[in-house]
Amino acid sequence: MPTKILSVDDENDLELLLTQYFRRKIRKGEYEFDFAHNGLEALTMLLKKKDYDIILSDINMPEMDGLTLLTKINEMQNPALKCIMVSAYGDMGNIRQAMNNGAFDFATKPIDLDDLSVTIEKAIEQITYIKKMQMEHNELEGIKGDLAVAREIQQAILPRIFPPFPENAEVLDIAASMNAAKDVGGDFYDFFRIDDDHIGFVIADVSGKGVPASIFMAVSRTLIRATGIRGVSASECMTYSNGLLAQESANSMFVTVFYGIYNIKTGEVRYTNAGHNPPYLMKTDGNIIQLPLSKNLVVGVMDDFEFTEETLTLEPGDTLLLYTDGVTEAFNSHEEDFGEKRLEEALSKLTQKSCQEIVDGVKSDVSAFVGETEQSDDITLLALKRV
């Protein structure tokens with residue numbers, strides 16, 4: 001694209017000088033000149049043709065002088081449009097005023113065309129840089145908009161209506177929350193009905209952050225739900241899901257998963273912990289018991305790994321609290337992490353509370369601990385209570 005230059009001068013011989021001096025660049029399509037004879041005419045042309053790059057304007061002109069034209073150009077708020085002002089050598093007061101008002105550079109009459117050529121080239125360098133920055137800014141704004149939509153979609157696929165199973169509210173309480181560290185996150189939680197007596201529930205943490213993690217999160221969540229809802233065991237669900245995810249995993253991504261199947265009538269939980277943080281069992285007597293560490297691999301690393309499962313039973317009033325490492329690895333301004341000890345202390349005060357109160361209480365304690373420190377990882381919690 002040629003650099004488009006509007007020359008504004010009431011002296012007609014300048015048009016001939018410029019077209020003759022820059023004739024090679026004009027023929028090559030590098031420069032394109034238009035000419036106006038006063039500021040008012042130039043302003044009319046600017047309003048009709050908005051893609052000028054450089055205004056080469058005399059200061060002293062009839063009808064509208066160059067300083068007034070410069071003021072009007074500034075009102076257009078186009079940082080990529082550069083003004084080079086021209087005036088007599090002795091008119092330094094007006095030249096100085098033009099520079100103070102935002103002119104890019106100036107030239108004095110009689111115009112040294114070699115020097116003007118250098119000034120134009122210098123202006124073109126800045127214009128090119130500004131246009132590049134504007135393009136990158138527009139691209140970033142577009143990405144920001146896309147991320148906002150992606151965040152809404154990601155939040156929409158997570159269960160957000162509580163209680164999720166109102167027909168079982170007298171015997172089952174569930175609440176969950178996911179707060180992404182970035183626009184979109186890699187954590188997720190889910191729960192779904194398998195049959196009249198069984199509820200599947202899951203919490204997971206994808207390696208990495210941002211858009212790649214969010215895509216892998218959506219794929220993992222869909223696959224685990226579609227497999228679990230068929231009624232297979234927890235270990236079978238993880239083995240099957242792992243086989244597919246390991247084959248499709250890009251950039252060595254993986255996901256830690258805790259998947260459990262809860263029997264509404266008996267309180268039994270059959271679960272598989274695939275490399276995830278061991279949940280806490282909150283007893284009605286105030287005891288906080290951490291479940292054993294996982295003996296399984298994370299999901300998505302080895303496609304032929306056979307996952308195992310464990311069993312526990314929730315007594316009436318017991319709660320199972322699942323969380324991702326964004327909770328325990330939340331840091332304050334002194335670079336101290338929230339840690340398991342503080343989490344256990346928080347849970348010990350919440351054993352008699354509802355699941356929603358437990359989730360909100362832990363989030364509140366974490367928030368108070370980190371203060372103004374920026375969140376570094378997704379924070380996700382899921383609580384399941386046998387009422």
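Me: Is Asp105 buried or exposed in this predicted model?
Reply: Asp105 is found in strand E5 (residues 105-109), strands being DSSP runs of at least two residues (E), and helices of at least four (H or I), numbered from the N terminus. Its relative accessible area is 14%. Buried means under 20%, exposed over 50% and partly exposed in between, with a 1.4 Å probe and protein chains only, so Asp105 is buried.

Residues are numbered from 1 along each chain as its sequence is written. In this predicted model, local features need pLDDT of at least 70 and side-chain atom pairs pLDDT 80 or more, while totals for chains, interfaces and linings use all residues; side-chain values use heavy atoms, without hydrogens and water.

Me: Does Ile215 count as buried or exposed?
Reply: Ile215 sits in helix H7 (residues 210-228). Its relative accessibility is 52%. Because the cut-off for that class is over 50%, Ile215 counts as exposed.

Me: Which are the edge strands of the open sheet of 5 strands?
Reply: The sheet has the order E7-E8-E9-E10-E13 with antiparallel pairing, where two strands pair if DSSP finds at least two bridges between them. An edge strand pairs on one side only. The edge strands are E7 (187-193) and E13 (310-313).

Me: In E9, which residue is the bridge partner of Asp205?
Reply: Strand E8 (residues 198-206) and strand E9 (residues 255-263) run antiparallel and are joined by 9 bridges. In E9, the partner of Asp205 is Thr256.
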